Amino acid sequence: MHYSQLKAVTFTHVRYNRGDQLGHFLAWISLLPVFTGLVGSISHFLFRRELQGMLFFLGLLISQLINEVIKRSVQQARPETCALLEACDSHGWPSSHSQYMFFFATYFTLMTCKGIGFRFGLRNRWIVNLLNWSLAVLTMVYRVYLGYHTVAQVFAGATVGAMLGSTWFWFVNSAVHPYFPAIEESAIGRTFCIKDTSHIPDVLKFEYDNARAARKKMASNSKTD
């Protein structure tokens, strides 16, 4: 076996200067795409089975594939610090982390503005979106601070992510949304209990009311039995 050609999986392999507390914190922030994407999407599918969430996750995957195509086409090197980080074997433009987080922030913001899923008041909507965009910008900062990307590379990733996020949101909610009822009633939809609740103004309140009504009905039936 020829070991000189081996390379590491670098998605979560983040280095920082020993003793640099800010760098340590930002290194943990680098795991945001893992938690928001992989863990969040798997949990969402297992417990929610929402079409909107599934297509959201599909959009994130497509965005990352597009990022890889662009990187291989442009082939722009990372900054010189990549040698210390053992990251020079991958290209740097555009930043995939920045693209991912800005896609997420853009799509989620459009969802909250349209009122999909939950009823967000103006104040709550502002807080939720501020958190999303703060994490997206923080991702840009740490990618530059830790030496994985140049400023231009993270801004390119952010721009592509925001553009793809808004485009995918329009595609899902304009072109695909009319077919949601057919998907729900399909054999696959019924087998996996796939549903669409985007037409319900406040899903949390709707499910809460229905859960209470079902419990009261069960209690009433048990008494009559």
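Modeller: Before we start, contact here means heavy atoms within 4.5 Å. Also, this is a predicted model.

Colleague: Fine. Which helices do the buried residues of α3 pack against?

Modeller: They pack against α5 (96–114), α7 (151–176) and α8 (180–185).

Colleague: And which residues of α3 are the buried ones?

Modeller: Leu 51, Gln 52, Leu 55, Phe 56, Gly 59, Leu 60, Ser 63, Asn 67 and Lys 71.

Colleague: How many residues does α3 have, and how far does it reach?

Modeller: Helix α3 covers residues 51–74, so that's 24 residues by the DSSP runs used here. From first C-alpha to last it reaches 34 Å, close to the 34 Å expected at 1.5 Å a residue.

Colleague: What follows it?

Modeller: Gln 75 comes after α3, and its phi is positive, near 55°.

Colleague: Back to Ser 63. Is that one buried or exposed?

Modeller: Ser 63 has a relative accessible area of 1%, and buried means under 20%, so Ser 63 is buried.

Colleague: What is Ser 63 in contact with?

Modeller: Leaving aside neighbours within four places in sequence, Ser 63 is in contact with Gln 99, Phe 103 and Leu 164.

Colleague: Now the largest nonpolar core. Which residues touch the most other members?

Modeller: There are 22 residues in that core, and the ones touching the most other members are Phe 56, Leu 60, Phe 103, Tyr 107, Val 172 and Phe 180. The elements giving two or more residues to this core are α3, α5, α6 (122–145) and α7. The largest share, 8 residues, comes from α5.

Colleague: What does Val 172 contact?

Modeller: Apart from neighbours within four places in sequence, Val 172 is in contact with Gln 52, Leu 55, Tyr 107, His 177 and Phe 180.

Colleague: Let's switch to the surface. Which residues make the nonpolar patch?

Modeller: Leu 58, Leu 61, Ile 62 and Ile 66 make a nonpolar surface patch of about 280 Å². Leu 61 sits in helix α3 and is partly exposed, with a relative accessible area of 42%.

Colleague: How about charges: how many salt bridges in the whole structure?

Modeller: A search finds 2. In one, the side chains of Glu 68 and Arg 72 meet at 3.1 Å, N to O. The other joins Arg 190 and Glu 185 at 2.7 Å, N to O.

Colleague: Why are Glu 68 and Arg 72 about one helical turn apart?

Modeller: Because they are 4 residues apart in helix α3. Glu 68 is partly exposed at 35% relative accessible area, while Arg 72 is exposed at 57%.

Colleague: And Arg 190 and Glu 185, buried or exposed?

Modeller: Arg 190 is exposed, and so is Glu 185.

How values were computed:
Residues are numbered from 1 along each chain as its sequence is written. This is a predicted model: local features need pLDDT of at least 70, side-chain atom pairs count only at pLDDT 80 or more; totals for chains, interfaces and linings use all residues. Side-chain values use heavy atoms; hydrogens and water are left out. The expected span of a helix is 1.5 Å times one less than its number of residues. Buried means under 20% relative accessible area, exposed over 50%, partly exposed in between (1.4 Å probe, protein chains only). Patches are made of residues with over 30% relative accessible area and no salt bridge: like charges are joined within 9 Å, nonpolar side chains (Val, Leu, Ile, Met, Phe, Trp, Tyr) within 5 Å. Accessible areas come from the Shrake-Rupley method with a 1.4 Å probe; for residues, only the protein chains shown count as cover. A salt bridge is a side-chain nitrogen of Lys or Arg within 4 Å of a carboxyl oxygen of Asp or Glu. A nonpolar core is a set of buried Ala, Val, Leu, Ile, Met, Phe, Trp, Tyr and Cys residues joined through side-chain atoms within 4.5 Å.
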